[in-house]
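Have the structure open and try each task before you read its solution.

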Amino acid sequence: MSPIIIALIPLLPLASFLVLGLFGKKYFAKSGGIIGTLSLTGSALLSLSTAYNYFFVSGKVDGVYQKVEVLKFTWLQFAPGVSIDMGLLLDPISVMMLVVVTFVSLMVHIYSLGYMKGEERFSIYYSFLSLFTFSMLGLVLSTNIFQIYMFWELVGVSSFLLIGYYFNKPSAVAASKKAFIVTRFADLGFLIGILILSFHAETLDFTTLIQRLTDSSSPQLHSAITGGLFGISALTWGLLLVFMGGAGKSAMFPLHIWLPDAMEGPTPVSALIHAATMVVAGVYLVARLFPVFALSCPGALEVVAYVGAVSSLFAAVIACTQTDIKRVLAYSTMSQIGYMMFALGVSGYDGEQGLGFTASMFHLFTHAMFKALLFLGAGAVIHYVHSNEMGDMGGLRKKMPVTHLTFLIACLAIAGVPPLSGFFSKEEILTAAFHSNKLIYGMALFTAGLTAFYMFRLYFSIFWKKDFVVHGHADEHHHGEAPVTMKLPLIILGVLAIVTGFVPFGEFVSSDGEALHSEFHLQMAIAPVAFGLIGILIALVMYKSESALPARVADAMRGLYAGAYRKFYIDEVYLFVTKRILFNLVGRPAAWIDKNMVNGLVDAGGMFAQDGSDELSVWQSGKVQAYAIWFLVGVIGLVVAFVFIS
Amino acid sequence: MEVRDIIFYLIATLILVSGALAVSSRQIFRSAIYLLFGMIGIAGLYFWLQFEFIAAVQIVVYVGGIVVLIIFSIFLTHRVGSDLPEPTYRRSLFAGLASLFAFVLFWKVIKRNEFYADQPMGELSVRRIGEEMLNYNQGGFVLPFEVVSILLLAAMIGCIVIAMKTNPEKI
Amino acid sequence: MEIGLPHLLFVSTALFFIGVYGFLTRRNMITMLMAVELMLNAVNINFVAFNKYLWGGKLDGVFFTIFIIAIAAAETAVAIAIIIHIYRDHSNIDVEDADSLKF
């Protein structure tokens, strides 16, 4: 595991970004995709080999997976002991994320060869994708909390660029701005949290920080616990603020408003960023700092758990009413990330208690596969139908067989039907929740049922319901299903969605590095599967064929339906707060002060000089005798002063 | 009261009255002539002080040169017959008060000092002036002398250039 | 009373300030020039008087007087040349009208 190999993993996409960004339009207008895909293939192969090396060959020492700092150099030194070091850190979760990020990115790159074909800014698209991949890889390999913040911001920028890719559409521009501003606002909390934590721990380095803040005898932990504001310790503040940053990036309630709007970007982008990789950055951050959360600050961990659970339920309810297929998938993502968050929240540290941690990471892994598959399949459907709305679709199972089959596999996976991957990861999460917090367990169970319901509502509406009527042109002229470049990733991801469930994840990833042997409890498995099957059944009855049943059910639950359809008015609340309160109470007075007082001060200075000079210029009359008189007066004055007075 | 003193008082009166009339006369020629008399009075003063050489230089240069030059320029620039305009009352009052005040001030400054003689002056002959002015040792004024001659040359050339009529450009 | 230095200084000071008054008051440029001549002459009397009554051994005052007379002549000539030039442009030599160097 030489540093060069591992450093190449993020550097290959960076090189691709620079080459395509600088020269793409001129030289690589058509072949930009090939270059991007090739560099990603290299990265993916290197990640797989690193993962093989780490997990099976050399990572394990005495049965515990070690944190290996492959590379470390000091970038900026603030004080002795406090410096920003850049480096590459390998530990179970970062290696897992390397595999996930590079692999899903590779699938998206291949898919985009077909989806984005004919786009004018084809190479720019690939350069942005490479930038994103570089930033995400840098994020997961960070050794230092400041380094992760830098890459965090870079990921935000890449997301901004990609959401706003169709910059001619005002809705896309607005959505990219919204995403950036909301996550930036959350990052303010993140930064303050970093400062609090590093101030008390007197270091920015992850390993040292975690070690100091979890060792109950360390002076740093003592200072972090005793310092505080409003009765809450500084450590709790720091962790909560860091979590705020993570919640923004992972679209947890109430910082979730940007995720549905982010669907304005191209669909492969949604698959990569807003399903599999960027949005799990928040979960990754909590997982990275998990020892501090679990051992020193269980209060913050409870907040994490509840936020995750509420977000997942909230999103699931809204997803039942949305008609844009990408929005349904967006809310589904928010819901599944909520699962990952609360799985971390209910977890303990060390051995058996760390089941939640392993389950969360396992779900991250499987979710990346089937959510990317869902998005890519939705992209294929949109590519065929030229519309996002469910109302325009139906009966596509005959026209798009490959897409149909893989989409079905993904829906079954997310609904938690055995023996697909989603079943295993969800079952572990629910087991962990059952053992620590029954309320969250109940919420999660109900959400599982809702998940199955809305996913199959989506499935049936797209592929069954009614026969597909092509708008405008006759059937024969309509183009076929997607090209090979789009079908291949679907097939690969479909296979993975089936088999990844059987990976003994606990052997590799666990809260303390030791292998966690989780057994399969049949009793625990029954409840989620039952809820899932009930959800599927209800969806089948309501949506398999056209019927008036959905409308009657919506009517019966009028209030709740309206609220859910309007996303519970959260956007309106935000708009109200910003427009009415912030703009009027803060913005307008500030603008007034700037325009009148600051400008006024400067203008007054200028006016003073100008008026003064106008007054004084009268003295320059051009008349010699006037000058002579004043000369004389001056001489008299000097004589008086020097002879008589001094 | 010796004759010497009386002569001094007469000459002084001549100088001051001529000067006062020169600056206040309304007709310009009269003003020039009063200036002339003033210059002659000053030459007389130099004679009384027994500096004959300076008196001669005064008459030759000032009276015979400068006043004549002034009269010529009056010819060139003045519409003969009309009177000079009077200054405004405010201007003359202010200037008069300033001059008077300054005069009193300076007189007071002068009066404060005790002037005592160093050694009496000997005869002032042209030979003595020449030997002492134009020697190369300490106290000699040969360099300023030469510089003044260059200055006179420059002034001559300057006057000619400034007062020259330039022909208007032929279109 | 013996005529001494103070008497001569009185004469020169009075003459000087008569010249100052004339310079400040007169409107015609040539009459201003005449006032300047009066001032210069007052200074000459000063130099000569001091030389006679205070510094008997040296003749520096006399020399200065000679130089001043020469330079005054040169300066008068240049001034008149300028006045003639101005007369050509303005066709009058009122000093109140020659104020184009104002703001």
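**Exercise 1.** Work out how many salt bridges the rule finds across the interface of chain C and chain A, and describe that interface.

*Solution.* 
1. In this predicted model, the rule gives 2 salt bridges between chain C and chain A.
2. Take the pair Lys623(A) and Asp99(C): their closest N and O atoms are 3.1 Å apart, and the pair counts because the cut-off is 4 Å.
3. Next come the polar contacts, with 4 residue pairs between these chains. On the chain C side, helix 1 (residues 5-25) gives the most, with 5 residues.
4. By class, this side of chain C has 9 nonpolar, 1 polar and 5 charged residues.
5. Finally, the area: chain C and chain A bury about 1,000 Å² between them, 60% of it on carbon and sulfur atoms. Leu24(C), Glu96(C) and Phe103(C) supply 47% of what chain C buries here, more than any other three residues.

**Exercise 2.** Now find which residues form the salt bridge between chain C and chain B, and describe their interface.

*Solution.* 
1. The count here is 1 salt bridge. Glu96(C) pairs with Arg91(B), with closest N and O atoms 3.6 Å apart.
2. Helix 1, helix 2 (29-53) and helix 3 (60-90) of chain C each give two or more residues to the side touching chain B, and helix 3 gives the most, with 23 residues.
3. That side divides into 46 nonpolar, 16 polar and 8 charged residues.
4. Chain C and chain B bury about 6,800 Å² between them, 77% of it on carbon and sulfur atoms. Arg26(C), Lys52(C) and Phe67(C) supply 10% of the area that chain C buries there, more than any other three residues.

Note on methods: Residues numbered from 1 in each chain as written. Chains lettered and ligands numbered in written order. Predicted model: local features only at pLDDT ≥ 70, side-chain atom pairs only at ≥ 80, totals over all residues. Heavy atoms only, no water. Buried area = accessible area lost by both parts, 1.4 Å probe. Salt bridge = Lys/Arg side-chain N within 4 Å of Asp/Glu carboxyl O. Polar contact = N/O pair within 3.5 Å; in protein donor to acceptor, adjacent residues only side chain to side chain. Helix = DSSP H or I, 4+ residues; strand = E, 2+ residues; numbered from the N terminus. Nonpolar A, V, L, I, M, F, W, Y, C, P; charged D, E, K, R; others polar.
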